[in-house]
Amino acid sequence: MFMHAGKPMRGQPQPTRAVVAGLPQLQVSRHPVVAHKLTILRDMTTDSATFRHAMTDLTVCLAYEALAEMRPTPTRVQTPLEETDGTMLGERFAIVPILRAGLGMVDGFLTLFPSLQVWHIGLYRDEASLQPVTYYNRLPGLATVDTCFVLDPMLATGGSAVTAIAILKEWGARSISYVGIIAAPYGVQRLVDAHPDVSIHVAALDRALNEDGYIVPGLGDAGDRLYRTSGDLPPAANHRE
Ligand code: PRP
Ligand code: URA
């Protein structure tokens, strides 16, 4: 594969949206609340506080949709009036944010299930080669859950997601789902090819990757927008908050 110096995606063939949209592993939300929150994230004038809130709100919605895969377990419950049938989520699950930007999705899951186990994998992609570099792994000693939800807002080339999921599988995870915000067709195809058993839940399937490997139209650099690590971001809404 020839890679152009400084423009790692130049000349790389990319599948179209139409090609990957029908893959059974891919679930793109159709909910208008998701679309609303996503539009706030895409807007380059959104300040970081609003960006963080919108990512949390959006993740609550995506978690709700992704957790529809979970098996309900029948139970009995005592109301103030009588005993009746109920169901609880019987499967044990953990969330695995990919540092850094995946941290922006943690609170969305914790809003629904505050006692979840949270495990961390640290990866960044080298800007020149777009290859993922692993720098942190804080998985517990034993696989103590049935399902792991890998969280990362951006599925671009797919390198980070493929690597994180390979780490989880090698460690012993049995069932894995990926929850993200925006996916590029290239990343979806790569993730499905590498891990066909992993379901992919996202808010949007965007058009393509640009020559630098950024998703277009996308939302820019998710980590920089969350953590204010770029010089050309909108000013904070209120420096005295
Ligand atoms: C971003 C994003 C993903 C990765 C996606 O992280 O959060 O982890 O890029 O790109 P890929 O699909 O081509 O691998 P980044 O490397 O910018 O690190 P950060 O989260 O620390 O900002
Ligand atoms: N990582 C991001 O944060 N944004 C992109 O568009 C691609 C990778």
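Analyst: Two strands are said to pair if DSSP finds at least two bridges between them, and the strands themselves (E, at least two residues), like the helices (H or I, at least four residues), are DSSP runs numbered from the N terminus. With that in hand, an open sheet of three strands can be read here in the order E9-E11-E13, with parallel pairing. E9 and strand E13 (204-205) stand at the edges with a single partner strand each, so one side of each is left without a neighbour in the sheet. Strand E11 (residues 182-183) pairs with E13 in the parallel sense over two bridges, and the bridge partner of Ile182 in E13 is Ala204.

Before we go further, please note that this is a predicted model, in which local features need pLDDT of at least 70 and side-chain atom pairs count only at pLDDT 80 or more, while totals for chains, interfaces and linings use all residues. Residues are numbered from 1 along each chain as its sequence is written, and chains are lettered from A and ligands numbered from 1 in the order in which they are written.

User: In which sense, parallel or antiparallel, do E6 and E7 pair, and over how many bridges?

Analyst: E6 and strand E7 (residues 132-138) pair in the antiparallel sense over six bridges, and Tyr124 has Val133 in E7 as its bridge partner. On the parallel side, E4 and E6 are joined over two bridges, with Ile98 standing opposite Ile121 in E6. The hairpin of E6 and E7 has six residues between the strands, and in the loop between E6 and E7 lies Leu130, which has a positive phi of about 65° although it is not a glycine.

User: How many residues of strand E3 are buried?

Analyst: Burial is judged by counting neighbours: a residue is buried if 20 or more other C-beta atoms lie within 10 Å of its own, exposed if 12 or fewer, and partly exposed in between, with C-beta atoms placed from the backbone. Of the seven residues of strand E3 (residues 83-89), the number buried is zero, so the strand lies largely in the open. Its antiparallel partner is strand E2 (residues 72-78), joined to E3 by seven bridges, and the two form a hairpin with four residues between them. Leu130, by the count, is partly exposed, with 19 other C-beta atoms within 10 Å.

User: What span should helix H3 have, and which of its residues are buried?

Analyst: The buried residues of H3 are Phe51, Ala54, Met55, Leu58, Thr59, Leu62, Ala63 and Ala66. What covers them includes helix H2 (32-42), helix H4 (106-112) and strand E8 (147-151), among others.

User: Which residues touch the most other members of the largest nonpolar core?

Analyst: A nonpolar core is a set of buried Ala, Val, Leu, Ile, Met, Phe, Trp, Tyr and Cys residues joined through C-beta atoms within 7 Å. The largest such core has 54 residues, of which Leu58, Val96, Val150, Leu155, Ile182, Val202 and Ala203 touch the most other members. The largest share of this core, seven residues, comes from H3. Two residues are in contact if their C-beta atoms, placed from the backbone, lie within 7 Å, and, leaving aside its neighbours within four places in sequence, Leu58 is in contact with residues including Val34, Leu38, Ile181 and Ala203.

User: Where are the cis peptide bonds?

Analyst: The peptide bond from Leu99 to Arg100 is cis, with omega near -5°, and Arg100 lies in the loop between E4 and H4. A cis peptide bond also joins Val216 and Pro217, with omega about 0°, and Pro217 is placed in the loop between strand E15 (215-216) and H7.
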